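User: Please take a close look at one part of this model: the place where its chains meet. I want one connected account, with the surrounding detail that helps to read it.

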Amino acid sequence: MIIGAFMSLFNIFNISGSAMTAQSQRLNVVASNLANAESATGPDGKPYRAKQVVFSTVPVNAQGGAGVKVSTVVEDASPMKLVYDPQNPLADGKGYVTMPNVNVVEEMVNMISASRSYENNVDVMNTSKTLLLKTLTIGQ
Amino acid sequence: MTSRIDSAFQFEQTALGLRSARQELLASNIANADTPNYKAKDIDFASALQGAMAGVNNASLPLTTTSPAHFGAATGESVMGSPIMYRSVLQPSADGNTVDMDVERAQYADNALRYEASVSFVSGKVKDVLAALAP
């Protein structure tokens, strides 16, 4: 049964590890959105659309343990920003340029949330490492 | 004699097994803090330990709840014969997630400390047995 205790604690590495991967993917998407907040045109000639990750649960065993993964990356459906700039070569007949629908404030909040969640999982992993090392000292 | 030593460690063994299983559950809750529709899970440690020591399988006997503040419905999963239950929500969020990070972190730290305490108790018992075996 002590072996069983060990396996549960080792599972925490998988669980927190999956969450760290998912959160860093989210951070990646935030970085991409912020970098492209002003990209009025892309390889396909269209303005950049904000992207969002969708998290989903991945059960790791029958004892309720569950990790996380990014199931899909969806494009933000919110309307594009229209900026009046008649000098711009990309402007339409009325002088409006279609700009990306990236909400910079929302992305900053997303970034802070992702990095806090990442830190939480690092802490969880450190604690379970401490517990495992402590378990190894039994009988010494 | 072996069985005597074995039974001397039985309680701590069971407690450690349950503590680490609970630690895993709490880690899952923290990992899924941002997953839409994830419901935080936990076990009732005291009754789980009693059940495991008595060799009772409570998994098929969910608790009767008479107040919304009680543990939520059983998840259908079990740890060492005890049902895993959904945590009741104090502040529901719009995406259906019921993880309250403050509660989870506090429980995680608490459970880790109690696990370490159990480890210390086992170590103490090992020393006792060794002292008894010493000539």
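Analyst: A residue counts as buried if 20 or more other C-beta atoms lie within 10 Å of its own, as exposed if 12 or fewer do, and as partly exposed in between. Take A:Val54 as a test case. A:Val54 has 13 other C-beta atoms within 10 Å, so it is partly exposed. The model is predicted.

A:Val54 sits in strand β1 of chain A. Leaving out residues up to four places away in sequence, A:Val54 touches A:Val70, A:Ser71, A:Thr72 and A:Val74.

Now the chains themselves. Chain A has 2 helices and 4 strands. Their order from the N terminus is α-β-β-β-β-α. Chain B has 3 helices and 3 strands. Its pattern along the sequence is α-β-α-β-β-α.

What radius of gyration does chain A have, and what would a compact globule of 140 residues have? Chain A has 22 Å, whereas the globule would be near 14 Å. The C-alpha trace of chain A spans about 80 × 25 × 20 Å along its principal axes. One pair in chain A gives a further distance. A:Glu106 and A:Ile138 are 32 residues apart along the chain, and their C-alpha atoms are separated by 49 Å. A:Glu106 lies in helix α2 of chain A. A:Glu106 counts as partly exposed because it has 15 C-beta neighbours inside 10 Å.

Burial and contact range come next. In chain A, 29% of the 140 residues count as buried. In chain B, 36% of the 135 residues do. Consider contacts with a separation of 6 or more. Residues 24 or more positions apart account for 61% of these in chain A. For chain B the figure is 69%.

Then the interface. On it, 32 residues of chain B are in contact with 34 residues of chain A. On the chain B side, the elements giving two or more residues are α1 (2-31), β2 (74-79) and α3 (101-133). Helix α1(B) gives the most, with 13 residues. By class, the chain B side has 17 nonpolar, 10 polar and 5 charged residues.

One helix pair spans the two chains. Two packed helices are described by the angle between their axes and the distance between the axes. The axes of α2(A) and α3(B) come within 10 Å and cross at roughly 10°. Angles under 35 degrees count as roughly parallel. The helices α2(A) and α3(B) are therefore roughly parallel to each other. From α2(A), the contact uses A:Val124, A:Thr127, A:Leu131, A:Lys134 and A:Thr135. From α3(B), it uses B:Tyr108, B:Ala112, B:Tyr115, B:Glu116 and B:Val119. By class, this contact of α2(A) with α3(B) has 6 nonpolar, 2 polar and 2 charged residues.

Which residues touch the most other members of the largest nonpolar core? They are A:Ile15, A:Ala19, B:Leu18, B:Ala27, B:Ile30, B:Ala31 and B:Val79. The core holds 38 residues. From chain A, the elements giving two or more residues to this core are α1 (2-35), β1 (51-59), β2 (66-75) and α2 (104-136). From chain B, they are α1, α2 (45-54), β3 (82-86) and α3. The largest share, 9 residues, comes from α1(B).

Not counting residues up to four places away in sequence, A:Ala19 touches A:Gly67, A:Val68, A:Asn121 and B:Ala31.

B:Phe11 lies in helix α1 of chain B. B:Phe11 has 16 C-beta neighbours inside 10 Å, so it counts as partly exposed. B:Phe11 and B:Lys41 are 30 residues apart in sequence and 24 Å apart in space, C-alpha to C-alpha.

The other is B:Asn37, in the loop between α1 and β1 (41-42) of chain B. Most residues other than glycine have a negative phi. B:Asn37 has a positive phi of about 65°, although it is not a glycine. B:Asn37 counts as exposed because it has 12 C-beta neighbours inside 10 Å.

Key
Residues are numbered from 1 along each chain as its sequence is written. Chains are lettered from A and ligands numbered from 1 in the order in which they are written. This is a predicted model: local features need pLDDT of at least 70, side-chain atom pairs count only at pLDDT 80 or more; totals for chains, interfaces and linings use all residues. Two residues are in contact if their C-beta atoms, placed from the backbone, lie within 7 Å. Ala, Val, Leu, Ile, Met, Phe, Trp, Tyr, Cys and Pro count as nonpolar, Asp, Glu, Lys and Arg as charged, and the others, Gly among them, as polar. The radius of gyration is taken over C-alpha atoms; the globule rule is 2.2 Å times the number of residues to the power 0.38. A nonpolar core is a set of buried Ala, Val, Leu, Ile, Met, Phe, Trp, Tyr and Cys residues joined through C-beta atoms within 7 Å. Axes are lines fitted to C-alpha atoms, for helices over the stretch in contact, and angles run from 0 to 180 degrees between N-to-C directions. Angles under 35 degrees count as roughly parallel, over 145 as roughly antiparallel, 65 to 115 as roughly perpendicular and the rest as oblique.
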